[in-house]
Amino acid sequence: MPGTPGAAATQDGEAPGRSPPCSQSYDLTGKVMLLGDSGVGKSCFLLRFKDGAFLSGTFIATVGIDFRNKVVTVDGVRVKLQIWDTAGQERFRSVTHAYYRDAQALLLLYDITNKSSFDNIRAWLTEIHEYAQRDVVIMLLGNKADVNSERVIRSEDGETLAREYGVPFMETSAKTGMNVELAFLAIAKELKYRARGQADEPSFQIRDYVESQKKRSSCCSFV
Ligand SMILES: Nc1nc2c(ncn2[C@@H]2O[C@H](COP(=O)(O)OP(=O)(O)OP(=O)(O)O)[C@@H](O)[C@H]2O)c(=O)[nH]1
């Protein structure tokens, strides 16, 4: 959803819609939701992106929903991402469903060390198709890639599932930062492409972009 060009961005942590005391300008804005089972690392993923931090050993399950804003610049365009961190626990599902409709992009996470979080991805996609906009951008992320010794889901399994649903895929780590920024930048680029049309980049495809950036970073990753 295009924002008012040059308008003041909402302050971090402030309820959307209220006027901010300070301003950070942006050209476009988009709502992104983090989804996936409880414990897959959604809150840590957001914290890594927003503040570059990781709090190890602590797991405080999200209650309901929380959000943070961050402005990223892609191809000279400032995109304000309003990122909603949802609770993965079943009992909060009815709360989070209400937010799907406004989201332009969804990051769907599973934990590569937790088989049920991967098996539940199909159920998440069914929910997404029920509650989200038809053209919502979806990205599948296999998080906790830093703990390869406890891996139970192969990277190829994530890739196969993503291909089946026609969505981009990558493995990530909120702990090391691997591919965290890339996931959000790819979303921002797609939102920019949708808002600005084909003029700047006639053949932009988010899946191709993610694949090319993954390959490019494999030699000297963010780890
Ligand atoms: N090794 C490793 N641990 C992680 C990573 N991301 C998160 N964790 C750990 O996984 C646990 C759960 O992380 P959260 O970010 O709270 O999980 P969540 O998906 O937000 O959980 P809910 O709020 O209940 O939906 C915490 O103990 C984190 O420290 C990661 O990339 N690598």
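Visitor: What is the mean pLDDT of the protein, and how many of its residues reach 70 or more?

Guide: This is a predicted model, in which local features need pLDDT of at least 70 and side-chain atom pairs count only at pLDDT 80 or more, while totals for chains, interfaces and linings use all residues. Residues are numbered from 1 along each chain as its sequence is written. The mean pLDDT of the protein is 85, and 83% of its residues reach 70 or more; pLDDT is the predictor's confidence in each residue, from 0 to 100.

Visitor: Over which residues is the pLDDT below 50?

Guide: Residues 1-22 have a pLDDT below 50, with 32 contacts in the model beyond near neighbours in sequence. The pLDDT is also below 50 over residues 219-223, a stretch with eight such contacts. A contact requires two C-beta atoms, placed from the backbone, to lie within 7 Å. Where pLDDT is low, predicted coordinates should not be read in detail.

Visitor: How many helices and strands does the protein have?

Guide: There are seven helices and six strands, both taken as DSSP runs numbered from the N terminus (helices: H or I, at least four residues; strands: E, at least two). Along the sequence, their pattern is β-α-β-β-α-β-α-α-β-α-β-α-α.

Visitor: Why are α1 and α6 called roughly perpendicular to each other?

Guide: The axes of α1 (residues 42-51) and α6 (residues 180-196) cross at roughly 80° and come within 9 Å. Axes are lines fitted to C-alpha atoms, for helices over the stretch in contact, and angles between N-to-C directions run from 0 to 180 degrees. Angles of 65 to 115 degrees count as roughly perpendicular, those under 35 as roughly parallel, those over 145 as roughly antiparallel and the rest as oblique. The two helices are therefore roughly perpendicular. Where they meet, F45, R48 and F49 of α1 contact V180, E181 and F184 of α6. By class, this contact has four nonpolar, no polar and two charged residues (nonpolar: Ala, Val, Leu, Ile, Met, Phe, Trp, Tyr, Cys and Pro; charged: Asp, Glu, Lys and Arg; polar: the others, Gly among them).

Visitor: Why is α1 largely enclosed by the rest of the structure?

Guide: A residue is buried if 20 or more other C-beta atoms, placed from the backbone, lie within 10 Å of its own, exposed if 12 or fewer, and partly exposed in between. Seven of the ten residues of α1 are buried, so the helix is largely enclosed. They are K42, S43, C44, F45, L46, R48 and F49, and they pack against α6 and several strands, including β1 (28-35) and β5 (137-143).

Visitor: Is N179 buried or exposed?

Guide: N179 has 24 other C-beta atoms within 10 Å and is buried. Its place is the loop between β6 (169-171) and α6, and its phi is positive, near 65°, although N179 is not a glycine. Most residues other than glycine have a negative phi.

Visitor: Why does D75 count as partly exposed?

Guide: D75 has 13 C-beta neighbours inside 10 Å, which places it in the partly exposed class. D75 belongs to the loop between β2 and β3, and its phi is also positive, about 50°.

Visitor: How many residues surround the ligand, and which are the closest?

Guide: The ligand is surrounded by 22 residues, the closest being S38, G41, A61, T62 and G88; a residue is near if its C-beta atom, placed from the backbone, lies within 6 Å. The shell holds seven nonpolar, eleven polar and four charged residues, and α1 gives the most to it, with three residues.
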